[in-house]
Amino acid sequence: MLAPLAHADAPLFGLVCRHCGDACDDGRVGGDQGVFCCVGCQSVYTLLTNEGLDRFYACDIAPGVSQRGAQDRAADRFAALDDRSVANVFVEFDDGQVARARLAVPSLHCASCVWLLERLWRIEPGVLASEVDLLRQTVRVTYRPKETTLRAIAERMAALGYEPLVTVEQPAAAASSSRRRLYRQIGVAGFAFGNIMIFSIPRYANGATLEGGFQRLFDALNLAFALPVLLFSAADWFKAAWQSLRTRHVTLELPVAIGLGVIFARSVIDIVSGTGEGFMDSFSGLVLFLLVGRLFQQKTFEQMAFDRTYRSFFPLSVRLERDGGCDVVPLERVQPGDRVVVRPLELVPADAVVLHGPGAVDYAFVTGEQTPVGVEAGETVHAGGRVVGTTLRLRVTRAVSHSQLASLWANPLLRVPKKAWITDVADRFGLGFTMAAVGLALAGAVWWWPDAGMSARVAAAVLIIACPCALTLAAPVTLGTAMGQLGQRGLHLRHTGVVFDLSRIDTIAFDKTGTLTTSAAPVVVEHGGLSDQHWPLVRAAAAESVHPISRALAHSGEARGAVQRLLETPGLGLSATVNGHRVRIGSAGFVGAPFGARTDRTHVAVDDARGWVRTKAPTRVGMEETIRSLSRAYDVRLISGDHDGDAARWQPLFGRAMAFRQSPDAKLSLVRSLQADGRRVLMLGDGLNDAGALAAADVGVAVSDQTACVVPACDAIVAGGHVRDLPAYLRYARRARHVIVVCFALSVAYNAVGLALALAGALTPLASAILMPVSSLTVIGISAGAMRWSARRMLPA
């Protein structure tokens, strides 16, 4: 554990608070721990140190929030959270055992805040985890409602100095606060730059120092205008640089802060000593252009997030009850008040009330625990739960939130994340480049010495022009834009690294049923062996399943009977009780068919009676041409759990690369054996019998066909009608990799030329300040523009 930082005991400008950094007036308090501006700050400091969280103070200089006036605030200001109707505005999930809420915290401002609030579980009993979104200034807290309450959590956060907003508009208000601050920083820097240029132009026009005391006056005014730029507009770079030094972790802000500090310090020395007019115009202009570049980058990433959240819908469908029947509609069309039918393994699309019970819901997506929770009629079920056991009929009470479903799918508790090293390459390269830039700046300064002015200008120009921002932006902007474009065109990705993983694939494995074939179109169903009274019972049980064969069977005729105690075993079949009869559908062994029963069909049983079903699902439109196209560039294989009766149908497309009667474990073994041979495998399946294979593959794509199934282990979800677009998706992923390479090459070329000019003394710090954001904006423009243009040309509309 690092010792607490003791800077407050010997401050540069008077006494400052050990916790928040505010100046301490005559009412200060102190002791062995240091000096504090108020009792509140001392209390928070004591709490953190007693809980072993004093590293909070090693991450930044006085990173806390002032507690002055906290005692004057209403003690019951969070009492409204005891009202369930108010708390529900912030609570995203609550099953009585585990709850999750999102709170807006406007005072979030640095990495120390993130570090502390993500350790809230060490301070507040009952808190399981907390996730901080610094950009949106929100905290998502997962807790046990039997051990703590949302009000207690809010009060604890407020006591730490991070008071949450308890208003309905809180997310939007918090998200915009950082943007408003950036606008103010740009305004201050722009105002100062314009005025400094007014007082600098006479000197440049005269070609020499002005006479009659005007030069001293103008220099003093320039210094006065530059101080707000240093203390406010450029403060973020210096704070980040200090944090970098304290944590011994070099960041991209460090060389920029050094460059700014060198220019400002040199200018102050020149002005105070009377040896020159300094470079305050360069300093303020540099900060202004850096802030404009940061604003553009933020807007770019916000647009990428908007594309993913509001334009890239999950390709899922929901069964909506209307006029006594069921209509299949896209997920985004579900509205509060709608009645939906959710079958086993399907996702609850939004918070809803159970209309008919009993039933069970598995909240593994939310809590990571797969223990089903029993529900009765009138109880509330939450978005992200998966129905198990029997179909539930629900009335939706909240609108569908694609952003919430996306966050549930991306829950790291669901699976071990696959390595996507492209997202780390730029950061590693940027770190080495930053260290090299500092070394070159020192070398340039030494080379131009004893010309102190030129030495400082060269060092500053090198540090600024060599910032590797363009290098580190190439991958995230390119992959993020590609992810958004793919999502709008039917392929929804878990994270940006999947785009790069898709570009490296060399082997593609297809499941057959539900992937190459579809049950959305009319399916030929043959059956026999049972009486006419038995088949309606079988269809009633089949209607409870999302398996393509069960769905085809359920639509082949009348279904009648109350289904109870349904149990579906992946790779084997399902069993249920229908009107008191035991119904089984599945393999011969699962159903108990006699020895030697044919394996080219699905077997059924009602009590002791045996029957059979044979389906012939149509091939998806365009799949033959899709497979032929892929086979020219990839090793294409068929891995199916079905019988080999259709082998002749697929042999012209796959040749001998076919494997039938594969259990879920066998599919997993096949994928791993291919990877052991050095293959990079893309696996496509419906996720019902191949979840393990999807998880093990380098990229696992789950095919959704008029269901609300989301496979936790998959990397992508594709709508059934877009499987034929797989060649276009893969070409687009390769294009993304090529764009990254081009952007890297341009960035390296830019830095090489810029460094050469800077070391030669031909580049001023102001010119470097203009060229640095221009390089970043160029990379962003090429990355985002190329991927959007390529999407229009390469991807389906």
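Student: Why is the contact between Arg-156 and Glu-124 called a salt bridge?

Tutor: A salt bridge needs a side-chain nitrogen of Lys or Arg within 4 Å of a carboxyl oxygen of Asp or Glu. In this predicted model, the closest N and O atoms of Arg-156 and Glu-124 are 3.2 Å apart, so the pair qualifies. The pair links distant parts of the chain, 32 residues apart: Arg-156 in helix H4 and Glu-124 in the loop between helix H3 and strand S5. Helices (H or I, at least four residues) and strands (E, at least two) are DSSP runs, numbered from the N terminus.

Student: What makes Glu-124 buried?

Tutor: Buried means under 20% relative accessible area, exposed over 50%, and partly exposed in between (1.4 Å probe, protein chains only). Glu-124 has 9%, so it is buried. Arg-156, at 25%, counts as partly exposed.

Student: How exposed are Arg-679 and Asp-635?

Tutor: Arg-679 has a relative accessible area of 30% and Asp-635 one of 23%, so each counts as partly exposed.

Student: Which numbering and limits apply here?

Tutor: Residues are numbered from 1 along each chain as its sequence is written. Local features need pLDDT of at least 70 and side-chain atom pairs 80 or more, while totals for chains, interfaces and linings use all residues, and side-chain values use heavy atoms, leaving out hydrogens and water.
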